[in-house]
Amino acid sequence: LARIDFWRGRWARARASVHEALRLADDTGWTSERPSSLATLARLEAVTGMPESARAHAEESIAASTADGARTYTSLGWAALGLLELTHSHPAAAIGYFSKVAEFADSVGFSNSPVLWWSADLIECLVLDGDQDRARTELARLTTVAANPRMPTTAAVAARCRAILEPAAFLEHMADALRLHGSADMPFEQARTELLLGEYLRRHGQPRDARRPLGAA
C-alpha cells in the first residue's frame with residue numbers, strides 16, 4: 001500500500017504506511033517483509049531530501065534481502081540507491097545500481113516491471129553519461145513494454161526518454177508524454193516530464209512558455 005501511495009503522489013500516507021509495516025514486521029517476527037518496506041522508505045527519502053536516511057535504509061534492505069535470498073527485494077533496494085544517485089547528479093553511480101536491477105529482471109523474465117521501475121531512470125543516466133547507444137537499446141526494450149495500453153505512465157516516460165534521445169523532435173515527443181500522463185495517476189513522473197519541458201523551453205529562449213510546465217512541475 002505504501003508503494004502504491006508513493007506512485008500516486010500520496011507521500012505522507014505512504015510514509016505512515018511504511019512505518020506501520022515496519023512496526024508490524026517487528027511485532028510479529030515477520031522480518032522477511034522488512035526489506036520491501038525499507039526499500040520503499042528509501043525511495044521516499046531519496047526524493048524528499050533525506051539522502052543519509054535513504055542510503056542507510058536501502059543498504060539495510062539489500063543486506064537483509066540478500067541474506068534471505070529475496071532477490072526482488074534486493075533489486076528494490078538497488079533501484080532506490082540508483083534513484084538517490086540520480087537526484088544528486090551522479091549518473092555513473094546510478095547506472096551501476098540500475099544495471100544490477102536490469103540484469104536481475106532479465107534473469108527472471110520481468111523484461112520491464114513497474115514494480116521495480118528503473119528503465120526510464122537508467123536511460124536518463126545513460127544519456128547524461130554520454131552512452132547514447134546503450135540508452136537506445138534500453139529505450140527499445142521499454143518501448144515494447146509501453147505498448148501495453150494499461151500502462152500509460154510507462155508509455156509516457158518512454159516518450160520522455162525518446163525526447164532526450166531525439167532532440168530534433170523533442171517537443172513532439174514531450175507532447176505525447178504529457179498526453180499519456182493525462183490518462184494516468186502518477187504525479188511525480190508527470191512533474192519530471194513537465195520540469196524537463198520547462199527547462200528545454202527556457203534554454204531555447206522561451207521563458208514565457210516555460211512558466212506553465214515549470215509551475216505545474
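Buried means under 20% relative accessible area. I keep that cut-off at hand for this predicted model.

**Entry 1, rings.** I looked up W7 first: its relative accessible area is 13%, so I log W7 as buried. F6 goes down as buried too, at 2%. I then checked how these two rings sit: F6 and W7 make an edge-to-face aromatic pair, 5.0 Å centre to centre with 70° between the planes. I get five aromatic pairs in the structure.

Another of my pairs is W11 with F188, also edge-to-face, at 5.2 Å between centres and 65° between planes. This one joins distant parts of the chain, as W11 is in helix α2 (residues 11-28) and F188 is in helix α11 (residues 187-203), 177 residues apart. I have W11 as partly exposed at 23% relative accessibility, and F188 as partly exposed, at 23%.

T154 sits in helix α9, and I count T154 as buried because its relative accessibility is 4%.

I took helix α9 (residues 152-165) with helix α10 (residues 170-181): they pack at about 165°, axes 8 Å apart. That angle makes α9 roughly antiparallel to α10. I note the crossing of α9 and α10 as left-handed. On the α9 side I see contact residues including P152, A156 and I164, and on the α10 side F170, M174 and L180 are among them. I sorted the contact by class: 10 nonpolar, three polar and three charged residues.

Terms used: Residues are numbered from 1 along each chain as its sequence is written. This is a predicted model: local features need pLDDT of at least 70, side-chain atom pairs count only at pLDDT 80 or more; totals for chains, interfaces and linings use all residues. Side-chain values use heavy atoms; hydrogens and water are left out. Axes are lines fitted to C-alpha atoms, for helices over the stretch in contact, and angles run from 0 to 180 degrees between N-to-C directions. Helices (H or I, at least four residues) and strands (E, at least two) are DSSP runs, numbered from the N terminus. Angles under 35 degrees count as roughly parallel, over 145 as roughly antiparallel, 65 to 115 as roughly perpendicular and the rest as oblique. A crossing is left-handed if the near helix is turned anticlockwise from the far one by less than a right angle, and right-handed if clockwise. Contact means heavy atoms within 4.5 Å. Ala, Val, Leu, Ile, Met, Phe, Trp, Tyr, Cys and Pro count as nonpolar, Asp, Glu, Lys and Arg as charged, and the others, Gly among them, as polar. Buried means under 20% relative accessible area, exposed over 50%, partly exposed in between (1.4 Å probe, protein chains only). Rings of Phe, Tyr and Trp (its six-membered ring) pair if their centres lie within 6.5 Å; planes under 30 degrees apart count as stacked, over 60 as edge-to-face and the rest as tilted.
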